[in-house]
Amino acid sequence: MAERTATTVWEGNLFDGSGSVTVGSGAFGPQNVSWARRTEEPEGATSPEELIAAAHASCYAMAF
């Protein structure tokens with residue numbers, strides 16, 4: 001069974017706070033996250049939805 005981990009650190013409230021997410025594999029370094037980057041201009045950052053979309057696209061491609 002494949003097991004993967006990720007760690008998220010968040011400080012502050014939803015609208016004014018910020019944080020970072022790190023994947024356990026080390027495939028990429030810590031990614032900054034904030035509400036503004038998620039819902040407005042990403043400024044080169046990713047979002048949880050974008051990471052989920054990438055994972056789903058990869059699984060779909062592997063199936064075919």
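Three strands make up an open sheet in the order β1-β2-β3, with antiparallel pairing. The edge strands are β1 (6-11) and β3 (31-34), each of which pairs on one side only. From one strand to the next, the twist averages 25 degrees. The model is predicted.

**Pairing of β1 and β2**
- Strand β2 covers residues 18-23 and runs antiparallel to β1, to which six bridges join it.
- Alanine 6 stands opposite valine 23, a residue of β2.

**Serine 47**
- The loop between α1 (35-39) and α2 (48-63) contains serine 47.
- Serine 47 has a relative accessible area of 12%, and it is buried because the cut-off for that class is under 20%.
- Between serine 47 and valine 23 there are 13 Å in space, C-alpha to C-alpha, and the two are 24 residues apart in sequence.

**Aromatic pairs**
- Two aromatic pairs are found in the structure.
- One of them is edge-to-face: phenylalanine 15 and tryptophan 35 are 5.8 Å apart, centre to centre, with 85 degrees between the planes.
- Phenylalanine 15 belongs to the loop between β1 and β2 and tryptophan 35 to helix α1, so this pair ties together parts that are 20 residues apart in sequence.
- Phenylalanine 15 counts as exposed, at 60% relative accessibility, whereas tryptophan 35 counts as partly exposed, at 26%.
- Tyrosine 60 and phenylalanine 64 form a tilted pair, because their ring centres are 4.8 Å apart and their planes are at 55 degrees.
- Both tyrosine 60 and phenylalanine 64 are exposed.

Notes. Residues are numbered from 1 along each chain as its sequence is written. This is a predicted model: local features need pLDDT of at least 70, side-chain atom pairs count only at pLDDT 80 or more; totals for chains, interfaces and linings use all residues. Side-chain values use heavy atoms; hydrogens and water are left out. Two strands pair if DSSP finds at least two bridges between them. Helices (H or I, at least four residues) and strands (E, at least two) are DSSP runs, numbered from the N terminus. Axes are lines fitted to C-alpha atoms, for helices over the stretch in contact, and angles run from 0 to 180 degrees between N-to-C directions. Buried means under 20% relative accessible area, exposed over 50%, partly exposed in between (1.4 Å probe, protein chains only). Rings of Phe, Tyr and Trp (its six-membered ring) pair if their centres lie within 6.5 Å; planes under 30 degrees apart count as stacked, over 60 as edge-to-face and the rest as tilted.
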